[in-house]
Amino acid sequence: MSQPGAPMDPQVLKSALKAFRKRLKATLLDDESKLGGHGAMTSGRKSGLVGITPPMEFPRAVWDELVKQGQLRYLGHGLYQLRQP
């Protein structure tokens, strides 16, 4: 994508972060809406999800750059988490 040491395109980073947030939101909604472990008439449960695998349409270098910028946190084993403000 880019040469080592060359700055990444801010638009690519912005797009990747947007895709990450979208996947995180969908994953959280899916996890919280699963049946089992709570009554049928409750609104669900709070997700215990900590991190997700980022969308594969962006290379690892993009995710590493977002970690370096403080936007994401690398948890290990390919999992990332949004930094809390």
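Among contacts in the protein between residues at least 6 apart in sequence, what percentage join residues at least 24 apart? The figure is 57%, where contact means heavy atoms within 4.5 Å.

Two remarks on the source. This is a predicted model, in which local features need pLDDT of at least 70, side-chain atom pairs count only at pLDDT 80 or more, and totals for chains, interfaces and linings use all residues. Residues are numbered from 1 along each chain as its sequence is written, and side-chain values use heavy atoms, with hydrogens and water left out.

The protein has two helices and two strands, in the order α-α-β-β from the N terminus. Helices (H or I, at least four residues) and strands (E, at least two) are DSSP runs, numbered from the N terminus.

I turn to the interior. Of the 85 residues, 28% count as buried, meaning under 20% relative accessible area with a 1.4 Å probe and protein chains only; exposed is over 50%, and partly exposed lies in between. The largest nonpolar core has 16 residues, of which F20, F58, V62, W63, L66 and L72 touch the most other members. Such a core is a set of buried Ala, Val, Leu, Ile, Met, Phe, Trp, Tyr and Cys residues joined through side-chain atoms within 4.5 Å. At least two of its residues come from each of α1 (10–32), α2 (60–68) and β2 (79–82), and α1 gives the largest share, seven residues.

Finally, L75 is located in strand β1 (residues 72–76). L75 counts as partly exposed because its relative accessibility is 31%.
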